[in-house]
Amino acid sequence: MTITRITHLPTGSDFRSLFERSAVETGFLLTVDDRLGIEHLLRQRGTRNSPNPALLNGLLRHKLRISRGTPEPASPDLVVGGCHVTYMISGEGARSGVLSMNPVPGMGYVPVASLLGATLIGMRKLQKVPLLRDDGQIDVVVVLDVKPLPDRDAA
């Protein structure tokens, strides 16, 4: 697949500045597994099929830099790989899905190898942050609820 139209942020925009306030005020927390999963996606080029791999890679690297580690087991209100997350984007209706490290998951999954998934990972319930869109627009996403999958409870 060849990307023929790469979306760029408006002139003078730096996506890192969008997250600095959020990271300082509320922060992002990553489990060891999530940090390793993101590093694996970057190392294995798991983002290559996204609409804008360069932007997504930059966001994932930035998330690794600004996120703190979280004690294990992770808090139940933390969005981690494999959890079921309910979220809302800029006043649209609530949506939900399972956050997945698989770059090409099936229906009902939100891949971390997407701008939405990369934004959601490490957030907490009721946290609100800017969301970069594939078309260069910036919306806001808020986490409404987080639930572990039954498989994760048994572990």
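Helix α2 spans residues 32-43. Its twelve residues reach 16 Å from first C-alpha to last, close to the 16 Å expected at 1.5 Å a residue (1.5 Å times one less than the number of residues). Helices (H or I, at least four residues) and strands (E, at least two) are DSSP runs, numbered from the N terminus. This is a predicted model: local features need pLDDT of at least 70, side-chain atom pairs count only at pLDDT 80 or more, and totals for chains, interfaces and linings use all residues. Residues are numbered from 1 along each chain as its sequence is written, and side-chain values use heavy atoms, without hydrogens and water.

Which residues of α2 are buried? They are D34, G37, I38, L41 and L42 (buried is under 20% relative accessible area, exposed over 50%, partly exposed in between; 1.4 Å probe, protein chains only). These residues lie on the same side of α2, because they cover an arc of only 135° around the axis (taken from the directions from the helix axis to the C-beta atoms). V32, D33 and R43 are exposed on the other side. The cover over the buried residues includes β1 (29-30) and α3 (53-66) (contact is heavy atoms within 4.5 Å). Just after α2, R45 has a positive phi of about 55°.

Now the sheet. Five strands form an open sheet in the order β5-β4-β3-β7-β6, with mixed pairing (strands pair if DSSP finds at least two bridges between them). β5 (109-111) and β6 (128-132) are the edge strands, each pairing on one side only. Within the sheet, β3 (84-89) and β4 (95-100) pair in the antiparallel sense over four bridges. Y87 has R95 in β4 as its bridge partner.
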